Amino acid sequence: SLAGDKPLQLALFNPVQIVGEDASIKGIRLNLIYGKNDNMTGLDLGLANHATGDFGGLQFGIVGIVDGGGFGWQDNFINIVKGDMEGLQSGAYNAAGGGKGVQWGLINTSEGFKGLQLGFVNMARRYEGLQIGLINVIHDASGHPFLPIVNWQF
């Protein structure tokens, strides 16, 4: 980004944070209430963690939002990656635009995903892999768009 990469961010809530929201963080970000930056790489901790670009690393908190792509482990109560997520999303609600890996939570959703969805409700538009849960939906399935307990498409 224009502001360059910074190794440390401490945010009370945006814009009350050490580094401006247009900067990217490579290192540690601590968001006491809400932190917002461009790209975030490293350890991202806080109540609400927001990357307007890409995220890579470990994100832990209540709400994690990535407007771009994600890589690593997103472990929040609510996980949202608007682009492709590669890795693990664990939380009550997990959403990814696409990607590959594991979504593990109460509700898992994706536009296009390859891997494992493990939860009570699993939904995907395009899917390649295994869904395990009470409700499993693959909208663009070649075979079975809905199956309880286990659904798959390879």
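The legends below describe close-up views of one predicted model. Local features need pLDDT of at least 70 and side-chain atom pairs count only at pLDDT 80 or more, while totals for chains, interfaces and linings use all residues. Residues are numbered from 1 along each chain as its sequence is written, and side-chain values use heavy atoms, with hydrogens and water left out.

**View 1. The sheet is open and has 8 strands.** The strand order is β2-β1-β3-β4-β5-β6-β7-β8, with mixed pairing. Strands (E, at least two residues) are DSSP runs numbered from the N terminus, and two of them pair if DSSP finds at least two bridges between them. β2 (16-17) and β8 (146-153) are the edge strands, each pairing on one side only. Strands of a sheet pair through backbone hydrogen bonds, either parallel or antiparallel.

**View 2. Strand β1 (residues 5-13) pairs with β3 and with β2.** β1 and β3 run parallel and are joined by 7 bridges; here Q9 stands opposite R29 in β3. β1 and β2 run antiparallel, with 2 bridges, and A11 stands opposite Q17 in β2. A hairpin of 2 residues connects β1 to β2.

**View 3. Strands β3 (residues 24-37) and β4 (residues 40-51) run parallel.** They are joined by 11 bridges. G35 is placed opposite N49 in β4.

**View 4. The largest nonpolar core has 10 residues.** They are V19, A23, I25, M40, A51, F55, V66, V81, M85 and A96. β4, β5 (55-66) and β6 (70-118) each supply at least two residues of this core, and β6 gives the most, with 3 residues. Such a core is a set of buried Ala, Val, Leu, Ile, Met, Phe, Trp, Tyr and Cys residues joined through side-chain atoms within 4.5 Å. Buried means under 20% relative accessible area, exposed over 50%, and partly exposed in between (1.4 Å probe, protein chains only). Leaving aside neighbours within four places in sequence, A51 is in contact (heavy atoms within 4.5 Å) with R29, N37, D38, M40, I65, V66 and D67.

View 5. K36 is buried, at 19% relative accessible area, whereas E21 is partly exposed at 35%. D44 belongs to strand β4 and R29 to strand β3; both residues are buried. D67 sits in the loop between β5 and β6, and K82 in strand β6. D67 is partly exposed at 27% relative accessibility, and K82 is exposed at 53%.

**View 6. S142 is found in the loop between β7 (121-138) and β8.** S142 is exposed, with a relative accessible area of 73%. S142 and R126 are 16 residues apart in sequence and 10.0 Å apart in space, C-alpha to C-alpha.

Note on methods:
Helix = DSSP H or I, 4+ residues; strand = E, 2+ residues; numbered from the N terminus.
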